[in-house]
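The following exercises concern side-chain packing in a protein chain.

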Amino acid sequence: MRLDRMSVSALEARFAVGQRGIILPLGSLEQHGAPGLLGTDAICAQAVADGAAARADGVSAPVLAYGQAQFHLGRAGTASLRPSTLMAVLVDVMTSLALGGFTRVLLLTGHGGNIAPAQAAIQEVMAEVSMGRLLLPAPLTVKLRTWWEGPRLTALRREPYGDREGFHATPSEIAIAMALHPEAQPEGWPAFRPLPADPLHDAGGDRHLDAARHRAMFPDGLIGSDPSLARAEHGHPLLEAAVADVAEVFAAFQAAPDHAAR
């Protein structure tokens, strides 16, 4: 069930029988190589969240489509929130959901740049509770996950993509976006560029660079990925695997006693 498509009475009926979990997908509006859809992160996160919530008899929220992507601001179309802005938005949304009756919130991000602000936002909410400045009707527990980290998806994407999966504009996310939006079939990907063998190179270091240096380091917008391997027919099996992985986590999260839900 999607929260924005539910009535208050339907939601309160769920609360009455103890169903108080929600998946909040986090996306980003950013470049995914010249041919890729700018909304890929939001598209994937929403699809996985909706599918997992349906499978685990839970609720999914509308995706937060803007994320922390300052390192992509050297590319047309990217719109980024400051880390502090994203943190503040997440604090307000999580607090609102908790005040409205939800007790378990699974933050499901489709973009790695959201991870640090989301972790800080969770601690900010918990600090407000610990210091007695935020009084909630029931204890709130929050988990943060990416949609791509589960075992089913990891195994499924290994065969077609191997070490060319990379870290941004990955063939798996491009394939899912292609399957969900058949009207947009990207072509003209640049030649594959493996990441440097330099032992000091940090594959996640893009999160710590300014936009100009990020563009200089990754001129094609890709980070060790080969999205030319993506095919629309790969998309639905990959999405199904991601949904199964996240649904399993969400179901366990909803069922766990409060002290074990951390």
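**Exercise 1.** Over the face of which residue does arginine 104 lie?

Solution. The model is predicted; local features need pLDDT of at least 70, side-chain atom pairs count only at pLDDT 80 or more, and totals for chains, interfaces and linings use all residues. Residues are numbered from 1 along each chain as its sequence is written, and side-chain values use heavy atoms, with hydrogens and water left out. The criterion for a charge over a ring is that NZ of Lys or CZ of Arg is within 6 Å of the ring centre and within 35 degrees of the ring normal. Arginine 104 lies over the face of phenylalanine 253, at 5.7 Å from the ring centre.

**Exercise 2.** Identify the aromatic pairs and describe their geometry and burial.

Solution. Step one is the rule: rings of Phe, Tyr and Trp (its six-membered ring) pair if their centres lie within 6.5 Å, and planes under 30 degrees apart count as stacked, over 60 as edge-to-face and the rest as tilted. Phenylalanine 15 belongs to helix α1 (residues 8-16), whereas phenylalanine 102 is in the loop between α3 (83-99) and β3 (104-109), 87 residues apart. Helices (H or I, at least four residues) and strands (E, at least two) are DSSP runs, numbered from the N terminus. Both phenylalanine 15 and phenylalanine 102 are buried, where buried means under 20% relative accessible area, exposed over 50%, and partly exposed in between (1.4 Å probe, protein chains only). Tryptophan 147 and tryptophan 148 also pair edge-to-face, at 5.8 Å and 85°. Tryptophan 147 counts as buried because its relative accessibility is 2%; tryptophan 148, at 25%, counts as partly exposed.

**Exercise 3.** Which residues of α1 are buried, and which exposed residues does the face turned away from the buried side carry?

Solution. Leu11, Arg14 and Phe15 are buried in α1. They lie on the same side of α1 because they cover an arc of only 100° around the axis, the arc being that of the directions from the helix axis to the C-beta atoms. The face turned away from this buried side of α1 carries the exposed residues Ser9 and Ala16. The buried residues of α1 pack against β2 (59-60), contact meaning heavy atoms within 4.5 Å. After α1 comes glycine 18, with a positive phi near 85°.
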